[in-house]
Amino acid sequence: MDNHILQEAARSYNTPCYIFDLDAFTSRIRRMEQILGKQVNIYYAMKANPFLTAAAARAAGGLEVCSPGEYDICRRARVPAQKIVLSGVNKEEAPIRSVMADQGAGTYTAESLNQLSLLETCAAKTGRTGVRVLVRLTSGNQFGMDQEDILAAICDRGSYPHLDLAGLQYYSGTQKKGLEKIKKELEKLDTFLDFVRKHMDFEFRELEYGPGFQIPYFEGQEQTDEEILLGEFKQILASLNFKGAIFLETGRFLAAPCGSYLTRVADTKRCQGQNYCIVDGGINHVNYYGQAMAMKVPPYRYLPRDNPARPPASETSGQRWTVCGSLCTSGDILVKNLPLEGLMTGDLLVFDRIGAYSVTEGIYLFLSRRLPAVLTYTQKQGLSLVRDAFPTDILNDGFAIKHIKGEQ
Ligand SMILES: *Cc1c(COP(=O)(O)O)cnc(C)c1O
C-alpha cells in the first residue's frame with residue numbers, strides 16, 4: 001500500500017490501526033490459482049485473519065472455519081454453505097447440530113473417531129445425508145488421528161450411513177521454509193492414499209492439504225521467490241499417484257503480505273544514553289512469528305510528518321531509536337535501535353506484512369488499552385472503517401457483558 005494511503009488512514013481514522021489491502025489479497029489468490037492450475041482449489045484458513053472472510057468468499061474456492069465464532073462471521077458475511085469446511089479440534093454437539101439444522105456446511109473435518117460418531121449423530125438427528133467429511137490424519141500432535149484409526153473408520157463405514165468419507169486432510173504446521181518438508185509429507189500422504197485404494201476397497205476422492213508456506217518477516221532473512229516456489233510445488237503435486245481433487249488450505253501465505261499496522265510516536269526521550277520513542281500501539285497489537293525480545297527487525301516504514309521544528313539532518317545523522325509501546329512492562333519493545341534519524345513526536349511508523357495472525361493473536365486485554373481500529377482498502381472503494389477502535393476496560397471489569405445482558 002502506498003505511503004499516502006497510510007498517511008490518509010492515520011489522519012482520518014487515528015492510530016493505532018490495521019489496514020488490510022483486499023485487492024492485494026484477492027490477487028494473491030488469483031495468482032496462486034493461475035500457477036497451480038485447475039486441479040487445485042485454494043481454501044483460505046480464516047483464523048489467519050477473519051477480516052478477510054468476505055473477500056476470501058468471493059475470490060477463493062472456500063474457507064477453512066475452525067470455531068462456532070468463525071462460523072458466525074461466515075454467516076454474517078453470507079459465505080455460501082458449500083464454501084465452508086467446518087474444522088476444529090473440538091467439535092461440540094450443540095454448535096454442530098445448529099450448523100446442520102441451519103444451512104449445513106459444505107464439508108466437515110473429523111479429527112477423531114469420536115468426532116466421526118458425533119457428525120453421524122448430528123446428521124441423523126437433523127435429517128442430513130451424504131454429509132461430506134474429510135478425515136484428518138495426525139502429524140504427531142493433538143490434531144487428527146492415526147492411520148490405524150482412519151483405516152478402522154473406513155472398514156466401519158457402514159456405521160456412518162449419513163456421512164460421505166470424501167477425503168483425507170493433513171496440516172502439520174506453519175512457516176515451512178522451502179519445499180523439502182512439504183514434499184516428504186505429500187509423498188507420505190500419497191503412499192497412504194495408495195494403500196487405502198489398493199487394500200480397502202475404498203478410495204478417498206479428495207486431499208485437503210495445508211502446506212504452511214513460509215513468509216519471510218525479518219531483515220536479513222532470505223526472500224522467497226513465490227513464483228518459483230509455487231511452480232515447484234505444482235510439480236510435486238503432479239508427481240503424486242493421487243489424481244483426485246486437491247484442496248490447499250492456506251492462511252499466512254495469502255494474508256500476511258496484505259496488512260499494515262500504523263502507530264504514531266507519542267513521546268521521545270533519552271535514558272542512560274539510549275534513545276527511546278514511545279508509540280501509541282505496542283506488542284499487544286503486533287505479532288510476528290519468530291520474533292523474540294525485539295531482536296529482529298520486521299518490515300517497517302518511517303513516515304515523518306511535516307514538522308518545521310525538525311532539526312536539520314546534519315544534527316541527527318546516525319541516530320538510533322528503540323521503539324516501545326504503551327504497555328507498563330519493560331517487555332513492550334517493538335524493535336531495538338532502529339535508524340530513524342530525526343524522529344519526532346507525531347511521526348508515523350508502519351509495520352508491514354502483518355496481515356496474518358496479528359489482528360487476533362495479540363494480548364489485547366492487557367492494560368485495558370483500546371483495540372485498534374481495522375480498515376480495509378481497495379482501489380475502487382478506498383479506505384473503509386470495518387471496526388472502530390474499541391475500549392477493553394469495559395471487558396476487564398465485566399461492565400460490557402452486564403450491559404449487553406441488560407443488568408446495567
Ligand atoms: C491454521 C491452519 C491452516 C493455515 O496455516 P498457515 O500456515 O497459516 O497457512 C491450515 N490448515 C489448518 C487445519 C489450520 O489449522
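Which side chain makes a polar contact with the side chain of Thr15? It is the side chain of Asp280, at 2.4 Å. Before I go on, please keep in mind that this is a predicted model.

Let me stay with Thr15 for a moment. Thr15 sits in the loop between α1 (3-13) and β1 (17-21). Is Thr15 buried or exposed? Its relative accessibility is 11%, and buried means under 20%, so Thr15 counts as buried. Setting aside neighbours within four places in sequence, Thr15 touches Ala10, Leu262, Thr263, Arg264, Asp280 and Leu348.

Next, Gln274. You will find Gln274 in strand β11, which covers residues 274-279. With 21% relative accessibility, Gln274 counts as partly exposed. The side chain of Gln274 has a polar contact of 3.0 Å with the side chain of Thr322. Apart from neighbours within four places in sequence, the contacts of Gln274 are Lys269, Thr322 and Asn337. Gln274 and Arg320 are 46 residues apart in sequence, and their C-alpha atoms are 8.4 Å apart in space.

Now to a helix, α5, residues 93-101. Which residues of α5 are buried? They are Ile96, Val99 and Met100. If you look down the axis of α5, the buried residues fall within an arc of 95 degrees, so they line one face of the helix. What do they pack against? The partners are α4 (68-76), β4 (84-86), β5 (107-110), α6 (113-126) and β6 (131-136). The face of α5 turned away from the buried side carries Ala94 and Ala101, which are exposed.

On to charges. Side chains of opposite charge can pair when their charged atoms come close. The model has 16 salt bridges by the rule used here. I will go through some of them.

Take Arg136 and Glu111, which form a salt bridge with the closest N and O atoms 3.0 Å apart. Arg136 is in strand β6 and Glu111 is in the loop between β5 and α6, so the pair ties together parts that are 25 residues apart in sequence. Arg136 is buried, at 8% relative accessible area, and Glu111 is buried too, at 4%.

Strand β6 also holds Arg132. The side chain of Arg132 meets that of Glu206 in a salt bridge of 2.6 Å, N to O. Glu206 is in strand β8 (residues 206-210), and the pair links distant parts of the chain, 74 residues apart. Arg132 is partly exposed at 24% relative accessibility, whereas Glu206 is buried at 9%.

How many residues apart in helix α8 are Lys181 and Glu185? They are four residues apart in α8 (residues 180-199), which means a separation of about one helical turn. Lys181 is partly exposed, with a relative accessible area of 47%, while Glu185 is buried at 8%.

Last item: the surface. Which residues make a nonpolar surface patch of about 340 Å²? They are Leu365, Phe390, Leu395 and Ile401. One of them, Leu395, belongs to helix α12 (residues 393-396). Leu395 has a relative accessible area of 36%, and is therefore partly exposed.

That is the end of my part.

Key
Residues numbered from 1 in each chain as written. Predicted model: local features only at pLDDT ≥ 70, side-chain atom pairs only at ≥ 80, totals over all residues. Heavy atoms only, no water. Buried < 20%, exposed > 50% of the residue type's maximum accessible area, 1.4 Å probe, protein only. Helix = DSSP H or I, 4+ residues; strand = E, 2+ residues; numbered from the N terminus. Arc of directions from axis to C-beta. Contact = heavy atoms within 4.5 Å. Patch = residues over 30% accessible without salt bridge, like charges linked within 9 Å, V, L, I, M, F, W, Y side chains within 5 Å. Areas by Shrake-Rupley, 256 points an atom, 1.4 Å probe, with all protein chains shown as cover. Salt bridge = Lys/Arg side-chain N within 4 Å of Asp/Glu carboxyl O. Polar contact = N/O pair within 3.5 Å; in protein donor to acceptor, adjacent residues only side chain to side chain.
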